[in-house]
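Please consider the following briefing on the secondary structure of one protein model. The sequence and coordinates are shown first.

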Amino acid sequence: MSVGNLSKERLGRMHDIMAGYVERGELSGMVTLVSRRGEVHADAIGKKSFDSSEQMRRDTIFRIASMTKPITAAAAMILVEECRLRLDEPIDRLLPELADRNVLMQLDGPLDDTVPAKRPITLRDLLTFRLGIGAVMALPGRYPIQKAMDEAGLAPGPNPPECSPDEWMKRLGSLPLIHQPGESFMYHTGSDILGVLIARAADRPLEQFLRERIFEPLGMKDTGFHVPADKLDRLSTSYRINQETGAVNVHDEPLVSRWSSPPVFPSGGGGLVSTADDYLAFCQMMLNKGRHGGERILSRPSIELMTTDHLTAEQKASARIFFGDHSGWGFGVAINLQRNELYDSPGRFGWNGGMGTSGYTDPKEEMIGIVMTQRLMDSPAPPGVFLDFWTSAYQAIDD
């Protein structure tokens with residue numbers, strides 16, 4: 001017996017494996033969703049928090065962190081299609097804070113030991129994370145630029161920045177780049193800059209543009225940069241592991257959540273909350289080459305451009321912690337290039353969220369998978385619950 005060419009028996013195996021994480025106390029609960037050829041299998045397991053009797057529900061709201069990035073990239077491509085932005089045009093016109101950049105001579109050097117940038121930063125650089133600045137994958141405070149980014153509130157982390165977009169850009173503009181534009185992949189910061197660029201190009205707040213052009217057309221009624229008061233009872237509690245003791249500590253609670261009111265900085269890199277079904281609607285639009293029902297959100301060529309690997313072999317090698325030997329990076333999404341695991345299907349694209357979520361779309365298999373938990377990731381390497389979810393999803397394919 002199969003549903004959407006997924007084995008019901010093997011979907012039951014998935015449930016048992018996922019439920020094990022709740023039974024062992026590693027997670028309070030989760031929502032899993034697998035959609036194939038129009039048939040959707042969703043499963044809500046466990047509770048919204050460890051100290052609550054309230055069951056996890058299919059419409060529970062999660063902080064999706066870096067799963068925001070594909071949505072922000074899609075918004076940028078809407079503006080490219082309207083000729084309000086161009087991929088290889090310098091961003092200086094709308095982001096003058098990033099004009100005339102200087103670049104560090106070396107990563108561990110002093111902040112004033114720089115050379116002029118060889119060229120301006122472009123929109124393509126932001127989308128591919130090759131703008132020259134971003135997360136430094138080293139122990140905190142190891143390099144002067146790391147310390148400066150942290151002190152300025154610019155270091156990537158699980159919570160959105162605490163200053164306004166204009167102030168954030170001003171602070172970013174006071175620092176040198178780490179690499180020349182276009183030369184190296186550096187994670188995250190490009191998406192936050194992209195959010196500011198979209199708002200300025202569209203002449204409206206980022207959330208308003210996303211709502212008008214993506215969320216409302218797709219029926220994503222529970223997605224945004226904060227959770228309204230009448231929906232806070234559906235927001236799950238977020239947890240993180242104490243690396244010294246192994247204890248599971250509360251990171252963010254619904255009633256006093258950072259997401260309970262509109263943010264000062266709407267983070268295009270990681271600020272959204274959503275549900276499994278809302279995110280499915282976005283992924284289904286991407287799977288449908290930009291179309292949702294009778295409406296077109298993006299053109300097929302834009303989706304193809306977003307889901308093409310744009311990195312060189314050297315750039316992927318320097319970011320091996322993200323891509324291993326099997327993936328690359330497009331516009332806001334990772335793309336699988338070869339099958340190293342059951343789920344590394346060539347052409348599959350998507351991304352993980354550092355607060356415990358994962359969502360990928362597989363055009364070849366006509367399949368979408370989403371897993372929503374709220375335990376922060378300990379490293380860029382996917383946690384066991386992601387690996388087991390994706391293995392379980394692909395072993396359930398029944399044709």
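This is a predicted model: local features need pLDDT of at least 70, side-chain atom pairs count only at pLDDT 80 or more; totals for chains, interfaces and linings use all residues.

Residues are numbered from 1 along each chain as its sequence is written, and side-chain values use heavy atoms, with hydrogens and water left out. Helices (H or I, at least four residues) and strands (E, at least two) are DSSP runs, numbered from the N terminus.

**Sheet**
- An open sheet of seven strands has the order β4-β3-β17-β16-β15-β14-β13, with antiparallel pairing; two strands pair if DSSP finds at least two bridges between them.
- Its edge strands, β4 and β13 (327-329), each pair on one side only.
- From one strand to the next, the twist averages 15 degrees (axes are lines fitted to C-alpha atoms, for helices over the stretch in contact; angles run from 0 to 180 degrees between N-to-C directions).
- Two bridges link β14 (residues 334-336) and β15 (residues 349-353) in the antiparallel sense, and I335 is opposite F349 in β15.

**Hairpin**
- Antiparallel strands β3 (residues 29-36) and β4 (residues 39-46) are joined by eight bridges; V34 has H41 of β4 as its bridge partner.
- Two residues lie between these strands, and R37 in the hairpin has a positive phi near 50 degrees.

**Helices**
- Helix α12 (residues 384-395) lies across β3, β15, β16 (357-362) and β17 (367-372), at about 150 degrees to β17.
- In α6 (residues 189-202), 13 of the 14 residues are buried, meaning under 20% relative accessible area (1.4 Å probe, protein chains only).

Note on methods. Buried means under 20% relative accessible area, exposed over 50%, partly exposed in between (1.4 Å probe, protein chains only). Contact means heavy atoms within 4.5 Å.
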